[in-house]
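Subject: Structure for you to look at

Hello,

Here is the structure I promised. Please open it first, then read my notes below.

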Amino acid sequence: MSTDGSPAPAGARYRTWVRLHRLRALAGATVVSLAGCVLAFVSPWFLFFLVPLGIFGYITLILALTVYRLGPRGGDFQRRIHLLIAGSVSLENGGRALDVGCGSGSLAVKVAQAHPGASVTGVDSWGHDWEYSKDQCDRNARAEGVAGRVSFEQQSGSALSFADGSFDAVVSCMTFHEIKENADRFDGVVEALRVLRPGGAFVFLDLFGDPAFYPNPAGIRTVETPRPLAEVMDLPFPLRHPKVLGHAMLLTGTKPA
Ligand SMILES: C[S@@+](CC[C@H](N)C(=O)[O-])C[C@H]1O[C@@H](n2cnc3c(N)ncnc32)[C@H](O)[C@@H]1O
């Protein structure tokens, strides 16, 4: 995928942030609930299935529409968000960038494309719950023609193996709230900033406005004033829903020298 918005080249495959196995399980629960409701012709007790039908049906609908909106046919918002982050990073020719929680490599690839002299490292834990892998990242970087400047490593964002100040820029997208080893999700931001050199740029997108993950917003403001994603980009339904990207915020700044 290129920075000018043209579609991904053949061979590049980026999955959305919605885990399809969860969507399938919810769709299955909706179908079972619907079947239960149909049995109300046999006994009115089966009408109790209306409750799970409403709950599972609503969640399934929101998630399915989210997949559509994030993907190429529904506006390509996941790609547009990655392009926004990659284009916001300030990185000099020959600089080193890190993407924490690189998923399928989409953002790391876009950072490399936006900064032709830079080298980019993507790290991710690639746990079983996710449908991303290092192989997929390597394939995508090759298909996008940046394999020589982009590399991927399996690492946890909770304890990066890099020395303090190793990178000229650090990016991360929708990952810090997923780092379960960190009781305080903000520790992921602190760890990412540790490996950034003084004066280096960072751009982080995460659910910083969601009190379920970040109950202490004061900690976030010590880094930089976050901007709601919805102010930076016009998000259609259901992306602006609080359980989707309604709490997503951008933290952009420079590490003090
Ligand atoms: C919503 S996905 C975002 C992926 C990618 N940043 C993107 O924007 O496409 C969350 C990512 O966090 C990764 N992740 C979860 N826990 C992690 C950890 N402890 N360390 C590094 N990555 C982790 C997952 O493997 C997954 O790739």
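A polar contact here is a pair of N or O atoms within 3.5 Å; within protein, one must be able to donate a hydrogen and the other to accept it, and residues adjacent in sequence count only if both atoms are side-chain atoms. On that basis, a ligand nitrogen sits 3.2 Å from a side-chain N or O atom of Glu181. The protein buries 97% of the 590 Å² that the ligand exposes when taken alone (Shrake-Rupley accessible area, 1.4 Å probe; for residues, only the protein chains shown count as cover).

Ground rules. This is a predicted model: local features need pLDDT of at least 70, side-chain atom pairs count only at pLDDT 80 or more, and totals for chains, interfaces and linings use all residues. Residues are numbered from 1 along each chain as its sequence is written, and side-chain values use heavy atoms, with hydrogens and water left out.

More on the ligand. Asp124 has a side-chain N or O atom 2.5 Å from a ligand oxygen. A polar backbone atom of Cys173 is 2.8 Å from a ligand nitrogen. In total, 20 residues surround the ligand (a heavy atom within 4 Å). Asp124 and Cys173 are among the closest, along with His82, Gly101 and Gly157.

Confidence. Average pLDDT (the predictor's per-residue confidence, 0 to 100) is 93. At least 70 is reached by 97% of the residues. Residues 1-5 fall below 50. Where pLDDT is low, the predicted coordinates should not be read in detail.

Domains. An automatic or database assignment gives domain 1 (20-70) and domain 2 (76-254). Their C-alpha centres are 34 Å apart.

Best wishes

Note on methods:
Contact = heavy atoms within 4.5 Å.
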